[in-house]
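Subject: Handover of a structure and its findings

Dear colleague,

Please find below the structure that I am passing on to you.

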Amino acid sequence: MTEVNPKASPEESPNERPSKISKTLQEEGDSSEEEEEKEAVDKSMKPGLQRYLVAVEYIGTRFCGSQQQLNHRTVVGVLQEAFHKFIGQPVTICLSSRTDAGVHALSNVCHVDVERISKRKPGEVLPPHEPAVVRKAVNHFLQKEGDIMVTDVRSVPAHFHARFKAQERTYFYRLLIGPELLSTFEKDRAWHVSEELDLVSMQEACKVLVGHHDFSSFRASGCQAKSPFRTLEELSVLEVVSTPYFPSITEREQNSSNGEGPHSFHNKCKTGLPTGSISNGFMAGGSNSGTDLGFGIRRRHRCYVITARSRSFLYHQLKEY
């Protein structure tokens, strides 16, 4: 999941020790990214093309990851096919962030170069489509897929690169805590943990990894990044309402600054389920009616959301399970 707009970094903890990383290594990592960006920009400068920035959301369950693979259904493959049907010629989708098989996206961003050719007069180049037209047309060809949709489209300059211009990337991991079976609607969308977790200890552990560090031990052997150093802007754990909900940066900061306890969201959630409520005309009975939620109403799990935010991550630095 990618957020294009830059966000303010959280304040450093007063007890956080400065990272003992040589300036040479930091500059080496920065320069390598700049070289990759320059190379990508130089290759993208082609006349007659309009570059579009595209935001897309998808359920990753039936995708074999985001990057195109031969004989496998991928996010890039499906998007390129939809654009091909729209404009009548093949295109290349460049994603800002890659996701593994089964990983969902609230807003992954990509760019695509489109040349509008007249269908009546082949070879005649027409003015570019308006972004709203592109969004509507591509979604028309995506509707049969059922698990992917374009949410926004904007025209950008030819030198704009979705991967290198992204200011930050944010990943959410939902943990549903409790002995009850996972809801059918949560299947493949959350990690079920039957045992209770120590939220405070988890929050303390997150602080150790925040900041600029050598993440060599966190990346896969196939990682192609030239430098193992990355700056983790945020790693947090919050308890939230047990629905498919993800707190914004502002909400996470407010929850922390207001001094609300780890169960604040959970307590608010509980008040929304009255004891002994009626569902489908039946009232649950029995000796446990005082604590029964009502016939057909499930007891909610406690929900923790782990948030990781950085400008870039190493390959498998965040491993999706």
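In what follows, angles under 35 degrees count as roughly parallel, those over 145 as roughly antiparallel, those from 65 to 115 as roughly perpendicular, and the rest as oblique. The model is predicted, so local features need pLDDT of at least 70 and side-chain atom pairs count only at pLDDT 80 or more, while totals for chains, interfaces and linings use all residues. Residues are numbered from 1 along each chain as its sequence is written, and side-chain values use heavy atoms, with hydrogens and water left out.

The chain has six helices and ten strands (DSSP runs numbered from the N terminus: H or I of at least four residues for helices, E of at least two for strands). Of its 321 residues, 39% count as buried (under 20% relative accessible area; exposed is over 50% and partly exposed in between, with a 1.4 Å probe and protein chains only).

Helix H2 (residues 75-87) packs against helix H3 (residues 131-142) at an angle of about 115 degrees, and their axes are 9 Å apart. Axes here are lines fitted to C-alpha atoms, for helices over the stretch in contact, and angles run from 0 to 180 degrees between N-to-C directions. H2 and H3 are therefore roughly perpendicular to each other. On the H2 side the contact (heavy atoms within 4.5 Å) is made by Val78, Leu79, Ala82, Phe83, Lys85 and Phe86, and on the H3 side by Val134, Ala137, Val138, Phe141 and Leu142.

The largest nonpolar core has 27 residues; such a core is a set of buried Ala, Val, Leu, Ile, Met, Phe, Trp, Tyr and Cys residues joined through side-chain atoms within 4.5 Å. Val54, Leu79, Phe83, Val112, Val138, Leu142 and Ile148 have the most contacts inside this core. H2 supplies its largest share, eight residues. Leaving aside residues up to four places away in sequence, Phe83 touches several residues, including Val54, Ile93, Val112, Val134 and Val138. A second, separate core of 17 residues includes Tyr171, Phe215, Val237 and Tyr304.

Gln67 lies in the loop between S2 and H2. This residue is partly exposed, with a relative accessible area of 33%. Residues up to four places away in sequence not being counted, Gln67 touches Thr74, Val76, Leu95 and Arg98. Gln67 and Gly77, ten residues apart in sequence, are 7.6 Å apart in space, C-alpha to C-alpha.

Yours sincerely
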